[in-house]
Amino acid sequence: MREAIRRELARRELARRRYGAYLELVYGRDWIPTRFSRFLAAELQSFLEADTGNAYDILVLETPPQHGKSWTLTEALPSWYMGKNPDRRVILVSYNEESAERFSRRNREKLQRWGPTLFGVELGGLNRATEFELARRRGRLISRGILSGITGHPADLMVMDDPVKNREEADSPAYREKLWGEWVNSLKSRLAARAKILLIMTPWHEDDIAARILRTERNVRLLRLPVEAEEGDPLGRAPGEPLCPELGKDAKWLEQFKGAYLRDPAGGQRAWLALYQCRPRAEKGNLIHRRWWRFRDAPPECTVQVISVDAAFKGGEENDFVAITVWGKQEENYFLLDCQNRHLSFTETLRAIRDTRRRFPKARAVLIEDKANGSALLDVLQREMFCIPVEPKGGKTARVHAVSPAIESGHVFLPRGAPWLEEFLDQWTAFPAASHDDLVDSSSQALRYLFDVPGVSYAPSGPPEEAALARDSLYEVYF
């Protein structure tokens, strides 16, 4: 009897300390642990407990439906977080009031059942369908539909679960703008200092709220877990492996379900890629195929390096994007070393280029397109570093055509697992129909320049850019 009591006490203590153990305790026999759920629980706990010193941190999670994400996340995480931190406040956001009420109820039930024994907390007097508080503590949870108007206390933790209901909403520019306005003008205003934001959604559209947050926010991380593993899978799966075989969704299920889904007129490739691969683009773009790219864990030592800047057309932070990429060359192979794509003002762009130059001292040449803000950047930076004005003649498509043979033949390598990798691939895959192509412009500019620079593996006697500048063919691609 005493041994059984000791085991139960140890089990409860473990659940208090570890979110994964908490899930097993509160769900009991209904819980089927999977590699996916264990990985997710550890990642979430690490995200919540990390003291980054940032004003706020965002984790964007993209996973397929019916693989346990609501059980693992929205219906349990706030209750564990409030138990561990009874003076902190939570805002839950979903696409409508019905789902918001369900998420609130599920967390309230867990705190009512396990709060006193695990964390020493109890529910307080405020106990409504979409709002409750802890007794004698400041902890409080509010759950709302995303467009219902969220007011009240600030959020130490904000969980946004599938704010887009379906493809119709995702394809509506008006709805996407309305959702973005809600994030900028309402949700962000509710964040407490050092808040944590968790956005869980199916990425239906390349310009949805998740895509915009990933492009514009600085302290943001993407965790993408498709149903069928791809190159560089976070779980360590081999390409083609299913996400949750423990739930009966094994390789045979994946093969049959995917085939049926792709043949269904109501589904199709676009829906499959969005819902289950969390990638709302076709595998083949109009010009560049995703399978052409090669990947490495780490690039070789590249003596020849270049920084390429695609500047904004306007200086305001709410206008255009700035893309800064760093490329290296070894013999006839090309390696992407770094990538940035953000809203930057003119001053911030200067700072970003200088910082990139400090981090990559071997990148002696800085390529900047000589138009829009690029001309002003050249005027300022020319005194500090080797800035080369680029004057392209012709359209963007011609530039991509010029570098596509290097990509198709397997001579262009990307860093496996980089946090910005999917954004980079998505722009190239969707080109020229993508909403943004800044990374395509910056990269094609760098690759075309490097074609004319010898890819030596030893330290050259002079700046490698001198050889390229001496060639009349440097800008042939733009004619």
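Guide: One term comes up at once: helices are DSSP runs of H or I with at least four residues, numbered from the N terminus. Keep in mind that this is a predicted model.

Visitor: How far apart along helix α15 are Phe-424 and Trp-428, in helical turns?
Guide: Helix α15 covers residues 421-430. Phe-424 and Trp-428 are 4 residues apart in α15, so their separation is about one helical turn.

Visitor: Is Phe-424 buried or exposed, and what of Trp-428?
Guide: The cut-off for buried is under 20% relative accessible area. Phe-424 has 0%, so Phe-424 is buried. Trp-428 has 1%, so Trp-428 too counts as buried.

Visitor: How many aromatic pairs are there, and is the pair of Tyr-27 and Trp-31 stacked or edge-to-face?
Guide: The count comes to 19 aromatic pairs. For Tyr-27 and Trp-31, the ring centres are 5.4 Å apart and the planes meet at 10 degrees. Planes under 30 degrees apart count as stacked. The pair of Tyr-27 and Trp-31 is therefore stacked.

Visitor: Which class does the pair of Phe-424 and Trp-428 fall into?
Guide: The centres are 6.2 Å apart, with 40 degrees between the planes. Under 30 degrees would be stacked, and over 60 edge-to-face. The pair of Phe-424 and Trp-428 is tilted.

Visitor: Which residues do ring pairs link into a cluster?
Guide: Ring pairs do the linking here. The members are Trp-253, Phe-257, Tyr-261, Trp-272 and Tyr-276.

Visitor: Which charged residue sits over the ring of Trp-114, and which lies over the face of Phe-47?
Guide: A charge has to be within 6 Å of the ring centre. Over Trp-114, at 3.9 Å from the ring centre, is the charged end of Arg-113. Over Phe-47, at 5.2 Å, is Lys-196.

Visitor: What is the strand order in the open sheet of 8 strands, and which strands are at its edges?
Guide: The pairing is mixed, and the order is β3-β4-β5-β2-β6-β7-β1-β8. The twist averages 10 degrees from one strand to the next. An edge strand pairs on one side only, and that holds for β3 and β8.

Visitor: In which sense do β1 and β8 pair, and what is the bridge partner of Glu-62?
Guide: Strand β1 (residues 56-62) and β8 share 5 bridges, in the parallel sense. In β8, the partner of Glu-62 is Arg-224.

Visitor: Which residue takes a positive phi in the hairpin of β4 and β5?
Guide: β4 and β5 (residues 140-145) pair antiparallel over 3 bridges. Glu-133 stands opposite Arg-140 in β5. The hairpin has 5 residues between the strands. The residue with a positive phi, near 65 degrees, is Arg-136.

Visitor: At what angle does helix α8 run to β6?
Guide: Helix α8 (residues 173-187) lies across β1, β2, β6 and β7. Its angle to β6 is about 170 degrees.

Visitor: What span should helix α12 have, at 1.5 Å a residue?
Guide: Helix α12 (residues 346-359) has 14 residues. The expected span is 1.5 Å times one less than that number. The end C-alpha atoms agree with this, so the span is 20 Å.

Note on methods:
Residues are numbered from 1 along each chain as its sequence is written. This is a predicted model: local features need pLDDT of at least 70, side-chain atom pairs count only at pLDDT 80 or more; totals for chains, interfaces and linings use all residues. Side-chain values use heavy atoms; hydrogens and water are left out. Two strands pair if DSSP finds at least two bridges between them. Helices (H or I, at least four residues) and strands (E, at least two) are DSSP runs, numbered from the N terminus. Rings of Phe, Tyr and Trp (its six-membered ring) pair if their centres lie within 6.5 Å; planes under 30 degrees apart count as stacked, over 60 as edge-to-face and the rest as tilted. Buried means under 20% relative accessible area, exposed over 50%, partly exposed in between (1.4 Å probe, protein chains only). A charge sits over a ring if NZ of Lys or CZ of Arg is within 6 Å of the ring centre and within 35 degrees of the ring normal. Axes are lines fitted to C-alpha atoms, for helices over the stretch in contact, and angles run from 0 to 180 degrees between N-to-C directions. Contact means heavy atoms within 4.5 Å.
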